[in-house]
Amino acid sequence: MVYYLHFLSDLAGEIIKKGEKLPSFEDFIGGSMALVGLQDTYALNLSEIIHGDLSTENAVQKSPYELSARDCLFLGKAAFNKGLYDRAVGWLEMALSRAKEEYEDETLLIPTATKEEILPFLETTRRVHDEVLEKRGPYGETWQTFEKPINGKLAKMRKYQKIKRYQPKIMVPLTPVEENENFKALCRGENLRSPKLDAPLRCRYLRRPNSVSILKAYKVEEMSLDPYIAIYHDFMSEYEMGYFKEHSTSRLKRSLHQGRDGRYIATDIRTSKQAWLNKDDGPLIDKISARIGDATGLEVFPENEASEIYQVANYGMAGRYSPHTDYITGDDHLHNPLELVRGNRIATFMVYLEDVPAGGSTVFPLIGVQVKPRKGAAVFWWNLRTDGRGDPWTRHAGCSVLYGNKWITNKWIRYHHQFRRIPCVKEPDNERTASFQTLAY
Ligand SMILES: O=C(O)CCC(=O)C(=O)O
Ligand SMILES: [Fe+2]
């Protein structure tokens with residue numbers, strides 16, 4: 001006899017089997033919100049998800065879990081509460097068709113939800129959807145709808161013939177909502193850059209006189225010239241990546257960030273765990289730092305002054321990091337003596353310590369750059385302009401992990417210790433000449 005697996009209750013069952021604590025109601029809500037978010041970001045096909053198929057254009061993934069009518073109903077409510085009215089309609093319609101299947105399935109003793117239970121929610125959601133679209137338009141910071149009302153009569157109205165959902169654009173200032181749409185489009189793997197913009201980008205072998213590269217030359221692939229972003233392929237070996245992960249695993253703690261009142265809090269801006277590694281973790285740490293210095297031409301020693309110690313981050317399923325800059329903004333840090341010695345974060349050197357089976361790209365929504373995580377590869381970019389100001393075009397984000405796990409390590413390189421490496425640069429005459437671009441090579 002076939003029973004439908006109830007995604008959420010099965011998950012609880014697995015946890016009991018493993019002897020772990022039961023998820024709290026908050027975990028349950030958090031998990032549903034995360035699943036709704038994943039479906040939205042990756043525009044996953046609902047009729048595939050319910051059978052555990054999490055495939056995207058980039059990767060094919062199959063989960064052993066199926067979603068029942070009740071699960072879909074629950075997820076429809078979660079989408080509604082998140083203001084994703086279009087997605088809520090989708091989940092509730094799926095709940096309805098799933099309920100019909102379950103009703104007709106003779107091997108199933110009791111359907112998990114009935115048409116009578118689902119229909120009122122679906123009707124309310126359709127009505128609220130149309131009201132929101134009518135009053136507030138198809139998207140905003142806290143909501144989204146389809147382009148047209150669901151009600152056929154309303155949909156024919158003239159004003160809806162012109163309304164369009166946002167079409168991603170790059171290299172122009174964006175509102176937070178538009179930036180978020182670019183973020184999602186890039187996570188899905190959509191190409192937002194023109195061939196003209198990509199034409200000058202090069203791949204090359206970079207040889208250094210005293211090279212400490214594992215391959216004797218660095219394989220550099222440029223992703224953007226301004227701001228300058230490049231990938232160093234095969235930067236770390238399997239053994240080195242394993243070492244970083246093993247030494248951080250037992251120390252991982254939920255990532256926090258500073259809230260408005262200055263206190264550190266955990267929110268869904270950044271859903272990862274992190275740990276810090278320094279030279280007390282063994283000679284390999286300095287060896288990798290020396291390699292980063294060699295590859296970028298930048299000063300990384302003394303550690304924690306010229307560059308920060310390594311931050312290792314681990315994202316589980318649906319783990320993500322919203323758009324942000326790595327350079328420090330505001331002036332709180334100017335009261336900290338160490339920060340005064342170090343200066344701001346001139347550059348980021350971030351290494352992927354693991355392949356991610358699906359999702360988890362690093363994206364730069366304002367300039368349309370997407371980097372897919374490939375184990376051993378490092379992404380380098382300048383966060384500051386030559387005069388030390390932060391470059392807001394470097395805003396970037398970590399896409400939700402759709403399947404599996406994501407491991408990265410960050411090395412943030414600081415401004416002040418670079419005085420011998422970067423010759424004095426004259427006052428920039430315009431924004432373009434203020435970019436560091438090729439200085440490191
Ligand atoms: O996870 C990513 O791809 C980006 C991480 C990041 O931006 C950070 O840790 O500052
Ligand atoms: Fe970052």
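Ligand 1 is surrounded by Ala 313, Tyr 321, Asp 326, Thr 362, His 396, Gly 398, Ile 408 and Asn 410, where a residue is near the molecule if its C-beta atom, placed from the backbone, lies within 6 Å of it. Two elements give two or more residues to this shell: strand S17 (396-398) and strand S19 (406-414). Sorted by class, the shell has three nonpolar, four polar and one charged residues. Here Ala, Val, Leu, Ile, Met, Phe, Trp, Tyr, Cys and Pro count as nonpolar, Asp, Glu, Lys and Arg as charged, and the others, Gly among them, as polar.

A word on the model itself. It is predicted, so local features need pLDDT of at least 70 and side-chain atom pairs count only at pLDDT 80 or more, while totals for chains, interfaces and linings use all residues. Residues are numbered from 1 along each chain as its sequence is written, and chains are lettered from A and ligands numbered from 1 in the order in which they are written.

The protein's secondary structure comes to 13 helices and 19 strands; these are DSSP runs numbered from the N terminus, with helices (H or I) of at least four residues and strands (E) of at least two. Of the 441 residues in the protein, 37% are buried. Buried means that 20 or more other C-beta atoms lie within 10 Å of the residue's own, exposed means 12 or fewer, and partly exposed is in between, with C-beta atoms placed from the backbone. Among contacts between residues at least 6 apart in sequence, 69% join residues at least 24 apart; a contact needs C-beta atoms, placed from the backbone, within 7 Å.

Now for the helix packing, summarised here.

| Helix pair | Angle | Axis separation |
|---|---|---|
| H4 (residues 69-81) and H5 (residues 85-104) | about 165° | 8 Å |
| H5 and H6 (residues 115-136) | about 160° | 9 Å |

Axes are lines fitted to C-alpha atoms, for helices over the stretch in contact, and angles run from 0 to 180 degrees between N-to-C directions. The angle makes H4 roughly antiparallel to H5, a term for angles over 145 degrees. H4 passes H5 in a left-handed crossing, meaning that the near helix is turned anticlockwise from the far one by less than a right angle. The residues of this contact divide into 13 nonpolar, one polar and three charged. Those in H4 include Leu 73 and Phe 80, and those in H5 include Trp 91 and Met 94.

H5 is also roughly antiparallel to H6, and H5 passes H6 in a left-handed crossing. In this contact there are 12 nonpolar, two polar and four charged residues.

The loops hold some backbone features too. In the loop between S4 and S5 lies Pro 227, and the peptide bond from Asp 226 to Pro 227 is cis, with omega near 0°. Tyr 228 is found in the loop between strand S4 (218-224) and strand S5 (229-233). With 20 C-beta neighbours inside 10 Å, Tyr 228 counts as buried. Tyr 228 and Phe 436 are 208 residues apart in sequence, yet 7.3 Å apart in space, C-alpha to C-alpha.

Another cis peptide bond joins Phe 301 and Pro 302, with omega about -5°. Ala 318 is not a glycine, but has a positive phi of about 75°; Ala 318 counts as buried because it has 21 C-beta neighbours inside 10 Å.

Notes: Angles under 35 degrees count as roughly parallel, over 145 as roughly antiparallel, 65 to 115 as roughly perpendicular and the rest as oblique. Two residues are in contact if their C-beta atoms, placed from the backbone, lie within 7 Å.
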